[in-house]
Amino acid sequence: MTRKGAPMEREPLGDMPIAEFRDDGHRLVDWLAEYFRWSLENPVLSRVRPGAIRTALPATAPEEGEPFERILADFERVLVPGLTQWNHPGYFAYFPCGFSTPGALADFLSTAVSQQAMLWRTSPAATELEEVVLGWLRHALGLPEIFEGVIYDTASTAVVHALATARHEKAPEVRTRGLAGAGSGAFRVYCSEHAHSSVDKAVITLGLGHDHLRRLPADDEHRMRPERLAAAVREDREAGHVPLAVVATVGTTSVTSVDPVPEIAAVCAGERLWLHVDAAYAGTAGILPECRWAIEGVDRADSFVVNPHKWMFTPFDLSAFYCRKMDLLRAAFGLTPEYLKTAEGSEVRNLMDTGFQLGRRFRALKLWVVMRYFGLEGIRARLREQLRLARLFADWVDRDPGFERVAPVPFSVVCFRAVRPGAGREALNALNERLLNGLNDTGEVFLSHTSLGGRYVLRLAIGNIRTTEADVRRVWDLLRERAGALQAG
Ligand code: PLP
């Protein structure tokens with residue numbers, strides 16, 4: 001590549017000189033390569049006290065510029081101790097971060113080429129790559145082409161757009177006159193008791209009112225009950241409300257249960273309700289033929305979200321949102337001020353039309369790089385290994401009388417707890433909380449917890465590209481050791 005006009009020496013008002021950029025860039029990559037090795041021997045959870053990072057940093061910005069090398073040294077000294085290592089093989093908390101080094105390289109590249117894809121003309125590459133790469137993912141998931149995709153930062157943003165589009169379909173006048181001008185009863189949204197809190201935040205954000213989200217009790221396997229849904233919709237109509245949308249979940253946050261999407265889709269079709277499927281974590285499993293069952297019925301949804309940043313080795317943030325009525329979404333959000341009008345017209349898609357956000361990062365690049373670097377087979381092989389590790393761990397739990405598994409393991413999350421003969425609920429909850437805290441204090445691993453029917457439950461979520469069987473074995477050994485010590489103590 002020719003480098004015409006690139007500044008080679010420091011200019012008083014220019015950017016970092018290219019020669020310096022080259023040196024610092026090499027220094028950074030070398031530092032990171034070392035960090036990945038170093039991080040294995042350091043605690044997963046940061047050990048800093050609240051406020052420690054803030055007080056170690058000056059309260060005001062420096063008046064004089066500083067060399068990058070010195071800034072990097074301070075990063076290592078002050079900030080690295082405050083890093084929670086999401087990409088550590090012992091990270092088993094929440095849903096993991098879909099990190100991979102090719103994805104990190106792509107994110108660096110994306111930032112360095114400085115693209116902002118609000119309009120096609122402000123980045124034809126970012127705009128069209130997004131369409132192509134979401135087409136690849138849609139094809140890998142076996143979803144029909146009618147689902148047009150757009151990349152958002154998170155599944156939380158996706159559900160806001162899904163519900164806003166549902167509202168626009170039902171009551172387009174809200175766009176101009178506001179909810180008060182809709183003149184109907186209150187819109188009602190339905191999900192199971194296990195749906196993610198982003199659904200609550202979406203109804204709050206959209207002014208639908210938190211009271212109008214109905215979280216329906218789930219069945220014994222933590223799945224939405226379609227008959228309860230149908231009954232709730234009937235009740236609401238009779239009460240003068242306006243049923244609007246259902247959010248079904250494929251892979252709920254606590255237990256990774258899968259709502260029966262085909263049956264829910266049938267209720268939605270009969271009642272003319274928008275169906276959004278939140279498959280933020282488990283949707284990726286749909287690229288495995290043996291797990292395709294998990295996304296069965298999604299082809300009948302109105303919208304669907306899957307987060308490659310959760311379980312597809314793509315660094316945070318990248319959420320793939322698909323909608324079968326993207327033109328309706330554009331109608332709900334489209335608004336072009338004079339200064340953004342361009343000559344291309346309808347010949348092109350402008351990403352700013354697909355949501356409330358104007359500016360768009362070049363996120364598609366990292367998904368493109370990840371899908372090309374590993375290939376679909378490479379991704380499938382890694383997912384299969386993580387499914388195997390979860391089943392292996394579940395098997396150890398099942399065979400040990402000191403533990404019990406509290407939910408099925410359809411994917412790579414195991415929910416379990418320590419048990420003691422004769423111990424009551426409170427005692428067991430206290431025991432498991434102490435067990436979790438002690439385990440996380442070791443620094444070797446990080447697990448999270450949930451509550452199921454009043455029981456304090458530990459969650460082991462596997463999804464990190466660096467996690468091996470030895471890491472899963474280690475967490476099991478630590479659990480048994482610590483549970484034994486608690487019993488003896
Ligand atoms: N949906 C589910 C099922 C989740 O588990 C989560 C987060 O864990 C979310 C949505 C929200 O994800 P995001 O951080 O992408 O908004």
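## Ligand contacts

In this predicted model, a polar side-chain atom of Thr-253 lies 2.8 Å from an oxygen atom of the ligand, and a polar side-chain atom of Asn-307 also lies 2.8 Å from a ligand oxygen, while for His-309 the corresponding distance is 3.4 Å. The protein covers 87% of the 400 Å² of accessible area that the ligand has on its own (Shrake-Rupley method, 1.4 Å probe).

The shell around the ligand holds 13 residues, the closest being Ala-155, Ser-156, Thr-253, Asp-278 and Asn-307 (a residue is near if one of its heavy atoms lies within 4 Å). By class, the shell divides into 3 nonpolar, 8 polar and 2 charged residues.

## Salt bridges

The structure holds 35 salt bridges, each defined as a side-chain nitrogen of Lys or Arg within 4 Å of a carboxyl oxygen of Asp or Glu. Arg-388 and Glu-469 form one of them, with their closest N and O atoms 2.7 Å apart; this pair links distant parts of the chain, Arg-388 lying in helix α13 (residues 364–399) and Glu-469 in helix α15 (residues 469–488), 81 residues apart. Arg-388 is partly exposed at 33% relative accessible area, as is Glu-469 at 34% (buried is under 20%, exposed over 50%, partly exposed in between, with a 1.4 Å probe and protein chains only).

Asp-107, Asp-317, Arg-361, Arg-363 and Lys-366 are linked in a network of salt bridges.

## Basis of the values

Residues are numbered from 1 along each chain as its sequence is written, and side-chain values use heavy atoms, leaving out hydrogens and water. Because the model is predicted, local features need pLDDT of at least 70 and side-chain atom pairs count only at pLDDT 80 or more, whereas totals for chains, interfaces and linings use all residues.

Note on methods: Polar contact = N/O pair within 3.5 Å; in protein donor to acceptor, adjacent residues only side chain to side chain. Nonpolar A, V, L, I, M, F, W, Y, C, P; charged D, E, K, R; others polar. Helix = DSSP H or I, 4+ residues; strand = E, 2+ residues; numbered from the N terminus.
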